[in-house]
Amino acid sequence: WRDVTLPHDWSIELDFTNGATTSEIGHLAGGIGWYRKTFTLPPEMADKRITVDFGGVYMDSYTYVNGELVSRHPYGYTPFSYDITDLVVCDGETENVIAVRAENRIDSMQGTTSRWYSGSGIYRDVHLTVTEPVHVARYGTKITTPDLQEEYTSGQDVTVNVATQVQNDSEDEATVTVRTSMVGYEDESVLIDPVESEPVAVAAGETETVEQVLSAAEPALWSVDDPNLYNLVTEILVDGVVTDRYESRFGFRWTEFTVNDGFLLNGEWMKLNGMCMHHDQGALGSVSNYRAVQRQMEILKGMGVNAIRVTHNPASNELLQVCDELGLMVSEEPGLWWSDMKDQAIFDGSLEVMRRTVLRDRSHVSVAFWLSFNECIFTPEF
């Protein structure tokens, strides 16, 4: 064992070899790697819900908590989470251990998992998330502005529809109120004052969606030249006490595709100067480091690039955050599947990747285009 800092890519540390299947993966081997994290939790966390959240592990991962296999995740680019509440000890003394086995078969015997450099290991961020039993569900906020173009161009206040999924992991029914507001992303200036929903009963072990209609006066639009951003702040109240606070980065913009004029952003014609970007950072490997991604995107934008196609898999959180902040439009691609698509299991798995990707990234203002099943092999029989 040795100490490493996550996120981490072990392939970039290895010697180059001709034993790898194809030069497109950079002649760097994969293999099997183990990660282990030891930590203690205080007694006050005994009544909380605890999850471990992975941004991505390449490629096939098995997660163990205190010696017990929690689950396997067989895809390297989608985020995943496990509720480990019942597997950890919260007494301030006992050491808990999370172990992850990451398998990336890149060799002449086993074949390759990609035809580009993928890296190996826990190459995206990991978080331990602790919440009260009643909280916002993972990716639990949906924000839409269905009449933005008409309302903004006519000088009206902009209607903001917010749907919040409230999850009750307690053993009792809870009466919940959702309080929602919107503030500036950097200066926290108030765009929408706090609005509270009517009380909603959420049964034990269930999830309820609370819908609200808000109004924003003269919001600043997001564009590639002026990427104005806001934070939607969601608070969950049970008996008047805030049990969860959840922030969702958001921006106001609309897009149009026209026959005669092509693409328009916020009513203005735009030529998309795009780049197809794999997720690696060159000599730094596949680690999704915020500053490395930011530097890469700054260089591209300085060249005149205004759009990024994520090739060929779901983007990292860091890339989408940077594109939101810098003003780069994103074409996101849920996955590249080489297997014959008449295989029902492969098809179902592809749909699940797409579903998770859209749920995670639907509020990113930079994501303007969605691609599906790039370079697949479809058959007439399916």
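**Close-up views of side-chain contacts**

**View 1. Asp60 and Arg72 are joined by a salt bridge, with 2.8 Å from N to O.** A salt bridge here is a side-chain nitrogen of Lys or Arg within 4 Å of a carboxyl oxygen of Asp or Glu. The two residues belong to distant parts of the chain, Asp60 lying in strand 3 (residues 60-65) and Arg72 in strand 4 (residues 68-73), 12 residues apart; helices (H or I, at least four residues) and strands (E, at least two) are DSSP runs, numbered from the N terminus. Asp60 is buried at a relative accessible area of 12%, whereas Arg72 is partly exposed at 46%, where buried means under 20% relative accessible area, exposed over 50%, and partly exposed in between (1.4 Å probe, protein chains only). The model is predicted, so that local features need pLDDT of at least 70 and side-chain atom pairs count only at pLDDT 80 or more, while totals for chains, interfaces and linings use all residues. Residues are numbered from 1 along each chain as its sequence is written, and side-chain values use heavy atoms, with hydrogens and water left out.

**View 2. Glu332 and Arg360 meet through their side chains in a salt bridge of 3.5 Å, N to O.** Because Glu332 lies in strand 21 (residues 329-332) and Arg360 in helix 4 (residues 344-361), the pair ties together parts that are 28 residues apart in sequence. Both ends are buried, Glu332 with a relative accessibility of 0% and Arg360 with one of 10%. Across the whole structure, a search finds 16 salt bridges, and Arg179, Glu196 and Glu235 are linked in a network of them.

**View 3. The rings of Phe54 and Phe80 form a stacked pair, because their centres are 4.9 Å apart and their planes lie at 20°.** Rings of Phe, Tyr and Trp (its six-membered ring) pair if their centres lie within 6.5 Å, with planes under 30 degrees apart counted as stacked, over 60 as edge-to-face and the rest as tilted. Phe54 in strand 2 (residues 49-54) and Phe80 in strand 5 (residues 80-83) are 26 residues apart, and both are buried.

**View 4. Tyr58, Tyr75, Tyr77 and Tyr123 are linked by ring pairs into a cluster.** Within this group, Tyr75 is buried with a relative accessible area of 9%, and Tyr77 is likewise buried, at 3% relative accessibility.
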